[in-house]
Amino acid sequence: MKQQNASHEENGLVPYQRKMAARFHTFDRDGDGVVTRQDFRLMAVSVTETFAVPPESDTARKLHDSADTYWKGMAALADRDGDGQITQDEFVAAAQDGLYGDEAAFAKVALSWHEAVFEAADSDGDGRVTPQQLRGMLVSLGADPDQAATVASERHTDADGLITEDQILRSVAAYYTTSAPQRVFPEPGTLIHSSVTK
Ligand SMILES: [Ca+2]
Ligand SMILES: [Ca+2]
């Protein structure tokens with residue numbers, strides 16, 4: 001990997017804030033300008049639809065439970081006025097104060113959710129997904145479909161052409177805890193509604 005010895009502007013908080021501001025828009029699934037528990041429910045539904053997870057299954061239950069855990073964690077960090085709504089400013093400030101540089105905090109809030117999404121995608125349960133399944137994961141979480149396809153195809157695969165859960169969870173943790181450049185999610189204002197074409 002190429003070492004970037006650029007200014008703080010490029011390596012520090014500013015790009016992290018920009019990345020989280022973009023991410024906020026993909027969390028706002030119903031597009032009402034704030035993130036609420038309902039948006040997390042919709043996110044879980046989107047994953048179950050993408051991977052045709054049966055509604056009564058263990059995997060579906062895990063998705064909904066962990067989405068709720070994720071919501072509660074983000075609300076605890078972000079919803080400073082306790083009105084059940086997270087604004088973009090609250091979201092960015094919470095990510096910066098509560099997640100930036102803190103993998104343990106990220107794990108507490110969001111790891112069970114990302115594990116559940118992986119479980120939904122990993123249809124044969126061998127702990128690895130295909131690039132196509134990874135693309136489905138990214139798109140159902142709000143990524144731009146073209147960017148998601150590019151990222152999925154660039155992932156280092158193992159000898160069977162598959163990507164491991166460990167690789168994916170590491171990269172998700174890095175996404176939320178470092179200033180690593182945003183590559184998967186669209187900029188604010190260019191939100192593309194999730195539509196996986198099969
Ligand atoms: Ca919303
Ligand atoms: Ca698999």
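**Close-ups of a predicted protein model**

What you're looking at is a predicted model, where local features need pLDDT of at least 70, side-chain atom pairs count only at pLDDT 80 or more, and totals for chains, interfaces and linings use all residues. Residues are numbered from 1 along each chain as its sequence is written, chains are lettered from A and ligands numbered from 1 in the order in which they are written, and side-chain values use heavy atoms, with hydrogens and water left out.

The protein has nine helices and two strands; helices (H or I, at least four residues) and strands (E, at least two) are DSSP runs, numbered from the N terminus. Starting at the N terminus, the order is α-α-α-α-α-α-β-α-α-β-α. Of the 198 residues, 45% are buried; buried means under 20% relative accessible area, exposed means over 50%, and partly exposed is in between (1.4 Å probe, protein chains only). Take the contacts (heavy atoms within 4.5 Å) between residues at least 6 apart in sequence: 69% of them join residues at least 24 apart.

**R80 and D97 pair up in a salt bridge.** How far apart are the closest N and O atoms of R80 and D97? They sit 3.0 Å apart. R80 belongs to the loop between helix 4 (58–78) and helix 5 (88–98), while D97 is in helix 5, so this pair ties together parts that are 17 residues apart in sequence. Both partners, R80 and D97, are exposed.

**R128 makes salt bridges with D126 and with D160.** The N-to-O distance is 3.2 Å for D126 and R128, and 2.8 Å for D160 and R128. R128 is in strand 1 (residues 128–129) and D160 is in the loop between helix 8 (145–154) and strand 2 (163–164), so their bridge ties together parts 32 residues apart in sequence. Follow the shared partners and you get one network of D126, R128, D158 and D160. Is D160 buried or exposed? D160 is exposed, at 55% relative accessible area, whereas R128, at 23%, is partly exposed.

**D126 and R128 also hold the calcium ion (ligand 2).** Here the ion is coordinated by D122 (OD), D124 (OD), D126 (OD) and R128 (O), at 2.1 to 2.3 Å. Donors are N, O and S atoms within 2.8 Å of the metal (3.2 Å for Na, K and Ca), and water is not among the atoms, so sites may look incomplete. Along the chain, the donors of this ion follow the spacing D-x1-D-x1-D-x1-R. D124 is exposed, with 56% relative accessible area, and D126 is partly exposed at 34%.

D39 is buried at 0% relative accessibility, while D30 is partly exposed at 36%.

**T36 sits in the loop between helix 2 (13–27) and helix 3 (37–50).** T36 is buried, with a relative accessible area of 14%. Leaving out residues up to four places away in sequence, T36 touches W71, G84 and Q85. T36 and I86 are 50 residues apart in sequence, yet their C-alpha atoms are 6.4 Å apart in space.

**Helix 2 and helix 9 (residues 165–177) cross at roughly 115°.** Their axes come within 9 Å; axes are lines fitted to C-alpha atoms, for helices over the stretch in contact, and angles run from 0 to 180 degrees between N-to-C directions. The two helices are therefore roughly perpendicular to each other: angles under 35 degrees count as roughly parallel, over 145 as roughly antiparallel, 65 to 115 as roughly perpendicular and the rest as oblique. Where they meet, helix 2 brings Y16, K19, M20, R23 and F27, and helix 9 brings A174, Y175, Y176 and T177.

How values were computed. A salt bridge is a side-chain nitrogen of Lys or Arg within 4 Å of a carboxyl oxygen of Asp or Glu.
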